[in-house]
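Good morning, and thank you for coming. I would ask you to keep the sequence and the model in view while I speak.

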Amino acid sequence: MKKILFASFESLPFIKTGGLADVVYALPKALDKNKYEVRVVLPLFKAIKEKYYDSLKYLDHIYVHSGYLNEEANIYSCVNEGIEYLMIENDNFFYRDAVYGYNDDVLRFCFYNVAILEMMIKLDYYPDVIHSHDYHTAVLPALCKLRYCAIESIRNIKHIFTIHNLVYQGIYDKQILFDYLAFDYKYYEDGTLRFNDSCNFMKIGIITADLVTTVSKTYAKEIQTPQYGENLDMILKYRQNDLYGIVNGIDENLFNPKTDKIYCNYNLRNYLKGKAENKAAIQRELGLIEDPDALLIGMVSRLTFQKGAELLANCYSELLRKRVQIIVLGTGESKYEYAFRIMENENRGKAVFYCGYNEALAHSIYAGCDMLLMPSLFEPCGISQLIAMRYGTLPLVRETGGLKDTVEPYNWYTKQGRGFSFGPYNAYDLMKVFDIAYDVYTQKPSDWHALMRNAMSYDVSFKVSAKEYESLYDRLVKC
Ligand code: GLC
């Protein structure tokens with residue numbers, strides 16, 4: 001049995017701010033239970049404590065001394081759907097309302113990474129592989145290999161580092177490396193820990209992990225170019241032989257039109273009726289005109305520059321000139337929120353903006369819309385398009401990262417495909433492909449229905465990708 005420890009700052013069902021939490025929840029469950037014993041470590045945040053305290057089991061107490069950091073922590077454990085979660089309790093750092101966004105975030109990350117190692121020592125638990133996710137846990141391989149290397153069981157651990165989004169790197173003053181992570185200066189001098197004249201957690205993870213993965217094949221290629229590389233393209237190129245793109249899946253039980261708590265459940269046999277009823281329900285719920293023939297577009301997204309919100313802001317007037325309705329659900333940068341508020345005000349009954357996040361409403365949107373818009377500037381993998389396809393909602397995406405790998409575009413001649421896509425990042429190209437989609441929707445319903453069926457039968461589970469991760473674990477740990 002190989003022991004794998006997932007180290008992340010968030011995971012469903014406990015805490016989520018982004019797609020990272022979906023993956024860290026779904027992937028461990030998809031790995032072969034007869035071959036891998038997977039545990040997940042998380043900070044014990046306020047929200048988790050308030051909801052799950054009674055189901056947590058106290059395991060032990062640790063001291064975390066690391067440079068100027070002098071903290072204590074309790075370790076708890078809790079089993080959810082067959083996976084053991086280890087949680088690190090330190091109220092100074094984690095008993096707060098939000099997950100990120102504090103002035104001392106870097107100290108919270110440093111504390112967390114060192115605490116994970118102290119926890120392993122205290123529990124005498126040494127995984128074969130530490131699989132760390134995103135920059136928050138990216139210094140774990142370096143801590144194991146450079147600072148705790150005198151302990152054989154730690155030195156022998158292998159490391160996989162997964163990049164979920166290269167934009168967020170954790171760039172800080174170099175002093176962090178010595179003052180709070182207590183690294184030897186020589187590893188800064190030799191370049192291992194150095195990035196320009198500062199410290200960059202993401203770069204440290206990329207350089208020191210045994211293997212690096214990211215969440216789609218196309219993104220793995222894109223990030224080796226200056227356009228998508230966020231100044232780390234050369235570093236990623238340097239590690240190209242150890243860099244793998246493995247596309248994400250979603251949890252099939254969490255997102256299942258057959259069993260979901262939506263207005264009307266459906267499957268491949270009654271999808272047309274199901275879609276129509278859910279569409280009428282969401283139109284009623286959000287105050288849209290109850291028009292079964294309007295093409296209903298949904299966008300469920302963080303409203304950041306990454307997600308292409310500005311393209312929709314630029315072309316919604318043109319879209320709404322047709323028999324089209326639009327629902328936007330999400331929060332983010334105020335300029336986009338402002339634009340979508342105006343969209344709603346000027347188009348009552350045809351366009352709605354729900355500013356906030358609401359999981360139940362998101363499910364109703366996936367179930368009720370005809371099309372999901374995801375015109376991202378870049379997209380490591382993307383989760384919404386996978387969910388949408390499962391609900392027979394055709395994604396209209398930009399051809400980048402995981403969107404390109406998962407949304408096969410409609411082919412006029414063969415009727416193949418499960419959505420629509422465009423290349424150059426601008427509203428004109430978006431509109432051009434939308435016009436094609438609109439024609440199919442209004443003039444060729446049988447083609448549209450074929451696409452819905454293709455989308456619903458596409459395997460969006462983690463089954464295939466879990467096998468790819470397993471083969472990487474097996475490459476690192478022979479036995
Ligand atoms: C990040 C990426 C998204 C990806 C998710 C999970 O949120 O932006 O594309 O699907 O991580 O890997």
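This is a predicted model: local features need pLDDT of at least 70, side-chain atom pairs count only at pLDDT 80 or more; totals for chains, interfaces and linings use all residues.

Residues are numbered from 1 along each chain as its sequence is written, and side-chain values use heavy atoms, with hydrogens and water left out.

Let me begin with the spaces. Rolling a probe the size of a water molecule over the atoms shows where empty space is left. The search uses a 1 Å grid over the protein atoms alone; a pocket is an open set of points with protein on both sides within 12 Å along at least five of seven lines, a cavity is a set of points where a 1.4 Å probe fits but cannot get out, and lining residues have an atom within 4 Å of a point. Grid points are joined across faces, edges and corners, and a volume is the space filled by probe spheres set on the points.

How much space lies in the largest pocket? The figure is about 1,100 Å³. This pocket is lined by 41 residues, and those closest to its centre are Thr 17, Gly 18, Gly 19, Leu 20 and Arg 302. Two or more lining residues come from each of α1 (19-30), α15 (359-368) and α16 (384-390). Of these elements, α15 gives the largest share, 4 residues. Helices here are DSSP runs of H or I with at least four residues, strands are runs of E with at least two, and both are numbered from the N terminus.

The lining of the largest pocket divides into 16 nonpolar, 17 polar and 8 charged residues. In this count Ala, Val, Leu, Ile, Met, Phe, Trp, Tyr, Cys and Pro are nonpolar, Asp, Glu, Lys and Arg are charged, and the others, Gly among them, are polar.

The whole structure has 1 cavity of 30 Å³ or more, and the volume of the largest cavity is about 30 Å³. Its lining consists of Asp 22, Tyr 25, Ala 26, Gly 249, Ile 250, Asp 251, Leu 254 and Phe 255. These residues divide into 5 nonpolar, 1 polar and 2 charged.

I turn now to charge. Side chains of opposite charge can pair when their charged atoms come close. The structure holds 32 salt bridges, a salt bridge being a side-chain nitrogen of Lys or Arg within 4 Å of a carboxyl oxygen of Asp or Glu. One of them joins Arg 96 to Asp 104, with the closest N and O atoms 2.7 Å apart. Arg 96 counts as buried because its relative accessibility is 16%; buried means under 20% relative accessible area, exposed over 50%, and partly exposed in between, with a 1.4 Å probe and protein chains only.

Arg 239 forms a salt bridge with Asp 242, again with a closest N to O distance of 2.7 Å. Here Arg 239 is buried, at 10%, whereas Asp 242 is partly exposed, at 24%. Lys 2, Lys 35 and Asp 474 are linked in a network of salt bridges.

Leaving aside residues up to four places away in sequence, Glu 337 touches Leu 303, Thr 331, Gly 332, Phe 353 and Cys 355, where contact means heavy atoms within 4.5 Å.

Finally, the backbone. Most residues other than glycine have a negative phi, and most peptide bonds are trans. Leu 12 and Pro 13, however, are joined by a cis peptide bond, with omega about 0°. Pro 13 lies in the loop between β1 (2-7) and α1.

Ala 182 is not a glycine, yet has a positive phi of about 55°. Ala 182 sits in the loop between α7 (175-179) and α8 (186-189). Asn 231 also has a positive phi, near 70°, and is found in the loop between α10 (217-222) and α11 (233-238). Is Asn 231 buried or exposed? Asn 231 counts as exposed because its relative accessibility is 66%.
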